[in-house]
Amino acid sequence: MSLTVGRVARLAGVTVRTLHHYDEIGLLSPSERTRAGYRRYTDADLERLQQVLFYRELGFGLEEITAILDDPGSDEMTHLRRQRELLMARVDRLRDMVAAVEVAMEARTMNITLTPEERFEVFGGFRPERYEAEVQRRWGGTREYAESRRRVASYTKDDWLRLRDEAALITEDLVAAMKAGLPADGEAVMELAERHREHISRWFYECTPAIHRCLGELYVGDVRFTETLESAASGLAAYLREAIEANADRQEGA
C-alpha cells in the first residue's frame with residue numbers, strides 16, 4: 001500500500017512543496033510513481049521521512065541528514081541509539097534552561113544583585129536562590145531571615161567573593177585540624193567553630209550560640225548540608241557539629 005504526496009504531507013505536518021523539494025535533492029524520493037507520474041510513498045519511504053523530520057527538528061541541515069541516512073554503516077538500531085542520545089542531550093539542555101529561568105526568578109526574590117556572570121564567578125554551579133522558597137518556609141518569619149535579606153541585597157561581587165574566600169578558609173582550617181587529630185572539643189577547634197559563628201554574624205545575621213547549635217544539627221541532619229561539608233573531607237559535618245556544641249557550651253557558660 002502506498003500513499004499520495006498530499007496524504008503524506010497531511011500525516012507528517014509538512015507541505016507538498018517540502019516533499020517535492022526533498023525529492024529534488026535526493027533526500028526522500030518516493031519509491032513508486034503512477035503511470036501518470038504522480039508520486040506514491042511506501043512504508044519504507046514513510047520511515048525515512050520520519051528520520052528526516054527527527055533530525056531536522058534537532059537542527060541538522062538537509063545535507064547532513066542525507067549523509068547520515070545514506071551511511072551504509074547505519075541501520076535502524078544505529079539511528080535509534082543516536083536519536084536517544086540526541087534526545088537525552090536535549091532534555092539535559094532544556095533542564096539547564098529551566099533551571100536558569102528559575103534562578104533568575106528566584107534571584108529577584110532573594111535580592112542578589114549580581115549579573116549572571118558575577119553569580120557564576122562567585123557561586124560556581126551552586127545556586128543559593130534555589131533554596132530560597134524552603135528557607136522562607138522554614139525561617140521566613142524570623143528576625144534573622146529579615147536581617148539576612150537586608151544585608152545580602154546590598155552585597156557587590158567583591159563582597160560575595162570575600163565572603164566566599166573567608167568561608168573557604170574556615171573550612172580548610174577545620175579539615176586540617178581534623179586530619180591532624182585535634183579533638184573537636186579542644187580549645188583550638190572551638191576557636192575555629194567560633195570563627196564560623198562570627199562569619200555568619202558578620203555576613204548574614206546575629207548568630208547566637210543557640211542558633212549555632214541548630215545549624216550544627218542541620219549540618220548532620222540534612223543530607224544536602226552533610227554532602228557539601230563531606231565533599232571537603234569525610235566526617236567533617238559531624239566534626240564541625242561537635243566543635244559547635246563545645247563552643248556553644250563555652251560561650252553560654254562564660
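**Pocket, helix and cores**

Mentor: The lining of the second largest pocket comprises three nonpolar, four polar and three charged residues. This is a predicted model, in which local features need pLDDT of at least 70 and side-chain atom pairs count only at pLDDT 80 or more, while totals for chains, interfaces and linings use all residues. Residues are numbered from 1 along each chain as its sequence is written, and side-chain values use heavy atoms, with hydrogens and water left out.

Trainee: What makes a residue part of the lining of this pocket?

Mentor: A pocket is an open set of points on a 1 Å grid over the protein atoms alone, where a 1.4 Å probe fits, with protein on both sides within 12 Å along at least five of seven lines; a lining residue has an atom within 4 Å of a point. Glu47, Arg48, Gln50, Gln51, Phe54, Leu69, Glu76, His79, Leu80 and Gln83 therefore count as its lining. The volume of this second largest pocket is about 220 Å³.

Trainee: Which helix gives the most to that lining?

Mentor: Helix 3 does, with five residues. Helix 3 and helix 5 (76-110) each supply at least two. Helices here are DSSP runs of H or I with at least four residues, and strands are runs of E with at least two, numbered from the N terminus.

Trainee: Which residues of helix 1 are called buried?

Mentor: Val5, Gly6, Val8 and Ala9 are buried in helix 1 (residues 5-12). They cover an arc of only 165° around the axis, taken from the directions from the helix axis to the C-beta atoms, so they lie on the same side of helix 1. Buried means under 20% relative accessible area, exposed over 50%, and partly exposed in between (1.4 Å probe, protein chains only). Arg10 and Leu11 are exposed, on the face of helix 1 turned away from its buried side.

Trainee: What do the buried residues of helix 1 pack against?

Mentor: They pack against strand 1 (3-4), helix 2 (16-24), strand 3 (39-41) and helix 3 (43-57), where contact means heavy atoms within 4.5 Å.

Trainee: Which residues of the largest nonpolar core touch the most other members?

Mentor: Of its 23 residues, these are Leu174, Leu215, Tyr219, Leu236 and Tyr239. They qualify because such a core is a set of buried Ala, Val, Leu, Ile, Met, Phe, Trp, Tyr and Cys residues joined through side-chain atoms within 4.5 Å. Helix 13 gives the most to this core, with six residues. A second, separate core of 19 residues includes Ala9, Phe54, Leu58 and Ile68.

Notes:
Grid points are joined across faces, edges and corners, and a volume is the space filled by probe spheres set on the points. Ala, Val, Leu, Ile, Met, Phe, Trp, Tyr, Cys and Pro count as nonpolar, Asp, Glu, Lys and Arg as charged, and the others, Gly among them, as polar.
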